[in-house]
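Welcome to this short tour. Please open the viewer and keep the selection tool at hand.

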Amino acid sequence: MALRAALRKSCALTGLFCQLSSSRHGRVCASPVLVAQQRNSSTAQNIKLDFDQSTGVAVMHMQCPPVNALSLEFLTEICITVEKLEMDKSCRGLIITSSQPKVFSAGLDLLEMYETSTEHRGEFWRAVQEMWLKLYSSKLVTIAAINGSSPAGGCLMAMTCDYRIMADNPRYGIGLNETQLGMVAPFWLKDSMVNTVGHRLTELALQLGLLYNPSEALKIGLVDLVVPEDQVLSTAKKTITKWCAIPEHARQISKFMVRKSTIDNMLAHRETNIQDFIEFTSRDSIQKSLRTYLEMLKKRKA
């Protein structure tokens, strides 16, 4: 399949950052991606990319209606976008934000897991892994400008970033709430959360499927800054300028040293994790749970 080929091709850059140490609601087909490097902005079906070559900073606006659900196509588009930015030597930083009102990303597209083939679910989970790898190991400065709710997969994406800025709106939540749906966060996502907020807070958050409002998320260190809703993107742009002022090579190696063990552990068990995901989502109890939740969403929408 074309998407699978694109993902496998994009895997080639996953190790790029590592080399530094030694020197459907969201199911919409993604258009052929993005960046002509000479242009200052470009638009794909699910992503609008604004790239300021004078500052070296790109802003990736997720615009996959209605809630930026992470489908296979959308995940692939994100991966290829990040890869193309890393190939552009003039790009030093990436801000990730949302064009959808009140939501950063609602998480994984459950339709990719419900009543689909084992092959499809394996391909989907590989894409989820690849998105995490691309962002968590990126040589770019990455900032999440969280301008809406960010549960589950949305929190996953935010935690890959170097810095997280969230809108000060108590109606917005962020966290890994998979257990509320009968699902389990993968070990590499658990490790990401431990690295972010510590072991005990992760244990509580994952078992109880907790979502935190912005002030709570700031208190535990899940986000780094909370600002008025209309200042999220402008603050991210000011913040990333400070990060980009740090000598690039030293910053990249420092990031790699901190994240290397988590990345290596994920890569060492990647294929097993895919098989575990396929087996887990094949269970009747999980399919029933997904069906119940999807029916609830359909009724809520109606």
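Is Cys-161 buried or exposed? Select Cys-161: its relative accessible area is 1%, so it is buried (under 20% relative accessible area; over 50% is exposed and in between is partly exposed, with a 1.4 Å probe and protein chains only). You are looking at a predicted model, in which local features need pLDDT of at least 70 and side-chain atom pairs pLDDT 80 or more, while totals for chains, interfaces and linings use all residues. Residues are numbered from 1 along each chain as its sequence is written, and side-chain values use heavy atoms, leaving out hydrogens and water.

Next, pick Cys-244, which is also buried, at 10% relative accessibility. The closest cysteine sulfur to that of Cys-244 belongs to Cys-91, and at 8.3 Å it is too far for a bond. Across the whole structure there are 0 disulfides (pairs of cysteine sulfur atoms within 2.5 Å).

Now show the 83 residues of the largest nonpolar core (buried Ala, Val, Leu, Ile, Met, Phe, Trp, Tyr and Cys residues joined through side-chain atoms within 4.5 Å). Those touching the most other members include Ile-78, Leu-94 and Met-131. Helix α3, residues 118-136, gives the most to this core, with 9 residues (helices are DSSP runs of H or I, at least four residues, numbered from the N terminus).

For a last stop, zoom in on Leu-94. Leaving aside residues up to four places away in sequence, Leu-94 touches Ala-58, Met-60 and Ile-240, among others (contact means heavy atoms within 4.5 Å).

How values were computed
Helices (H or I, at least four residues) and strands (E, at least two) are DSSP runs, numbered from the N terminus.
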